[in-house]
Amino acid sequence: MKEYEKFMLEAIKEAKKAQAEAEVPIGAVVVRDGVVIARAHNQKNKQSNTLKHAELVAIEKAMKKLNDWHLNNCDLFVTLEPCPMCAGACINARINSVVFGAFDPKAGCCGTLYNLCEDKRFNHRPKVVGGVCEEECASLLSDFFKSIRRGAK
């Protein structure tokens with residue numbers, strides 16, 4: 001679990017970058033052979049693009065780095081449980097495992113609402129590990145939304 005925490009802390013650093021840009025604080029890193037090969041954070045607002053989830057941006061960067069869409073020996077670490085779009089991208093990219101921090105009761109598709117990654121109908125099924133550094137990841141999100149609500153009053 002220590003190795004998972006080490007890489008989740010890298011994803012948390014990315015989430016804090018998103019927060020500094022007034023984005024929802026979600027960060028992700030792609031790891032291969034114990035080395036971070038791609039890192040990203042949410043950029044939906046900044047780029048006015050719903051596809052700019054941290055996971056998708058990190059996966060795209062990893063593919064470019066490896067010059068291959070197969071990320072077979074790669075693990076994704078993300079601060080929030082992936083949504084259906086991001087879980088699907090992990091399946092299609094052949095990600096080895098998805099490790100996430102906070103569970104997402106509104107859109108989580110790696111165990112909360114549904115577990116897309118364990119659906120036996122798909123030809124690839126990433127391993128899923130949830131709740132790594134959960135408290136810190138969840139606090140980033142709840143604090144962010146509390147500050148928005150305070151600002152709206």
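**Terms and values**

Tutor: The protein has an accessible surface of about 8000 Å², and carbon and sulfur atoms hold 51% of that surface; such areas come from the Shrake-Rupley method with a 1.4 Å probe, and for residues only the protein chains shown count as cover. This is a predicted model, in which local features need pLDDT of at least 70 and side-chain atom pairs count only at pLDDT 80 or more, while totals for chains, interfaces and linings use all residues. Residues are numbered from 1 along each chain as its sequence is written, and side-chain values use heavy atoms, with hydrogens and water left out.

Student: What makes up the secondary structure of the protein?

Tutor: There are five helices and five strands, where helices (H or I, at least four residues) and strands (E, at least two) are DSSP runs numbered from the N terminus. Along the sequence they follow the pattern α-β-β-α-α-β-α-β-β-α.

Student: Which residues of helix 1 are called buried?

Tutor: Among them are Phe7, Met8, Ile12 and Ala18, since buried means under 20% relative accessible area (exposed is over 50%, partly exposed in between, with a 1.4 Å probe and protein chains only). Across the protein, buried residues make up 48% of the 153 residues.
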